[in-house]
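Q: Could you go through this structure with me? Let us settle one term before the details.

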Amino acid sequence: MILIQNALVLTPSGEARALDVLVDGGSIADVVSRGAVKGDGMERVDAAGRALMPGLVNGHNHAQTGLSKGLFDRYNLETYLNAQPGATGSRTLEDKHLSALIGAAEMVRKGCTAGYDMFAEFPLPTADGVEAVARAYSEAGMRAAIAPMMADKTFYQAIPGLAEALPEPLRGQALKARYAPYSETLASVQNLLKNWKFDRERIKPALGPTIPHHCSDELLVECRDLTGELGLGIQMHVAESRLQAAVAPKIYGKSLVAHLDDLKLLNGKFCVAHGVWLEDDDRKRLADAGCSISHNPGSNLKLGSGIADMRAMLARGLNVAIGTDGAASSDNLNAFEAMRLACYVSRVKGNPPEQWVTAREALHAATEGGAKALGFDKLGRVEKGWKADLLLLDLSALHYVPLNDLASQIVFGEDGTGVESVMIGGRWVMRGGKLLTVDVEALRRKAEEAVARLRAANAEARALGEKLHPHVGHFCAGLSAR
Ligand SMILES: [Zn+2]
């Protein structure tokens, strides 16, 4: 048993109170008034001058982007997808593990204790690749839901008219790479689910059919049936960019969400990523089905995707999580920053101040909301019986000096530099500012070797992406504007 005493505890209602927290195994055994626990038989941790809060939950991330951060400045989602073969190709199994571990280490360092990860491999998800990512999260000590990305149409096949608009020989080159047939993808995913080695209370599998129109209806229905049978979650990018919303009526004669609803994919284990271009009817359908949505404001700003309406999501009763997205589109995997941005962007939607997202609403979304989206029970609160995923924040960090309102200063001021210690499932993974689970210096050396090798291996794919870039950008801008 561990008694964390003398901390200022952030309660589920967002108040700061002087309480002691008793941790037994992986859970919070009790939250009591200061000094109430007498006697020996436990490790006492003096957390005077620290705030204690639940770990943050990252609602959306991509493990494969850990090695491709810093490569994208003026890219929108479509030109970013066009550039992916050049950025994430030629990866070895060790690279896949390394990329995930870099991300997990950064998240823990910045106070994130659990995350939803849509991990991509091409031309299909592999049992070894997903296992390498799960192992990385496990080594870092994090909790995760890992959703292998699935698709059976490439970006060039999925966007109506795009391939036809490309000049030869670029069209032929762009269309050369194909995803595996959906039956092979499903067989591979079934295999990896059957052989899942990890404790599902820590690292659980989910499915990630990437974007509705990048997946055939057959693939989507198979995903629905598989998750239904096994009780797994699904995460999917829905209406992230204006183009995605614009192509839906052309392909389906209805919105993306209406299509998913007709295919009966929507339920309490379905999580939308982004949802920037949803109509209110879409939000209603998602809310009525009990879905979650990961709001990823940093990525939406960086890729120019737009501003998702978190107030409208909450008003419909949707469970909202907050995510960073991958390290190539929201580069620092900082869940505190994502939470702050969720508040900020709600203020430029043209809504009156009474409808702006408050610090406490953002905190709820980034903790309990995220936990629900990932499908973890009793996670995201400092409360008796809940999981002991906890952060200690150093109140001498200057953004807490002076301390007027803890919840508000966490959301508007914390940038990760105040995170002093991190406990996940009752185990310290960071103490006194030092990561205990990952050797960051070794990680950096391996990453430098990997990117030098990958830069050379992907030179041809990158050159093709660069040639395609203006054509893709021009065509997609035209399609989005219509
Ligand atoms: Zn994403």
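A: A residue is called buried when its relative accessible area is under 20%, exposed when it is over 50%, and partly exposed in between, with a 1.4 Å probe and protein chains only. This is a predicted model, in which local features need pLDDT of at least 70 and side-chain atom pairs count only at pLDDT 80 or more, whereas totals for chains, interfaces and linings use all residues. Residues are numbered from 1 along each chain as its sequence is written, and side-chain values use heavy atoms, leaving out hydrogens and water.

Q: Is Ala239 buried or exposed?
A: Ala239 has a relative accessible area of 3%, and therefore counts as buried. Its phi is near 50°, a positive value in a residue other than glycine.

Q: And where is Ala239 found?
A: Ala239 is in the loop between E11 and H9. Helices (H or I, at least four residues) and strands (E, at least two) are DSSP runs, numbered from the N terminus.

Q: What about phi of Leu333?
A: Phi of Leu333 is near 45°, again a positive value in a residue other than glycine. Leu333 lies in the loop between strand E14 (319-322) and helix H14 (335-346). With 3% relative accessibility, Leu333 counts as buried.

Q: Changing topic: which residues coordinate the zinc ion?
A: The zinc ion is coordinated by the NE2 atoms of His60, His62 and His237, at 2.0 to 2.1 Å. Donors are N, O and S atoms within 2.8 Å of the metal (3.2 Å for Na, K and Ca); water is not among the atoms, so sites may look incomplete.

Q: How are those donor residues spaced in sequence?
A: The spacing of the zinc donors is H-x1-H-x174-H. His60 in strand E6 (residues 56-61) and His237 in strand E11 (residues 234-238) are 177 residues apart, so that this pair links distant parts of the chain.

Q: Are His60 and His237 buried or exposed?
A: His60 counts as buried, at 0% relative accessibility. His237 is buried too, its relative accessible area being 6%.

Q: On to the helices: at what angle do H9 and H18 pack?
A: Helix H9 (residues 242-252) packs against helix H18 (residues 459-481) at an angle of about 65°, and their axes are 8 Å apart. H9 and H18 are therefore roughly perpendicular to each other. Axes are lines fitted to C-alpha atoms, for helices over the stretch in contact, and angles run from 0 to 180 degrees between N-to-C directions. Under 35 degrees counts as roughly parallel, over 145 as roughly antiparallel, 65 to 115 as roughly perpendicular, and the rest as oblique.

Q: Which residues make the contact between H9 and H18?
A: H9 contributes Arg242, Leu243, Ala246, Val247 and Lys250, and H18 contributes Cys476, Leu479 and Ser480. Contact means heavy atoms within 4.5 Å.

Q: How do H2 and H17 cross?
A: Helix H2 (residues 93-109) and helix H17 (residues 440-457) cross at roughly 130°, and their axes come within 10 Å. That makes H2 oblique to H17. On H2 the contact is made by Glu94, Asp95, Leu98, Leu101, Ile102 and Ala105, and on H17 by Leu443, Lys446, Ala447, Ala450, Arg453 and Leu454.

Q: Now the backbone: which residues does a cis peptide bond join?
A: Glu168 and Pro169 are joined by a cis peptide bond with omega about 5°. A cis peptide bond also joins Val401 and Pro402, with omega about -5°.

Q: Where are Pro169 and Pro402?
A: Pro169 is in the loop between helix H5 (162-165) and helix H6 (170-176). Pro402 lies in the loop between strand E15 (390-394) and helix H16 (406-413).

Q: Last one: what does Lys378 touch?
A: Not counting residues up to four places away in sequence, Lys378 touches Gly385, Trp386 and Lys387. Lys378 sits in the loop between helix H15 (359-374) and E15, and is partly exposed, with a relative accessible area of 48%.
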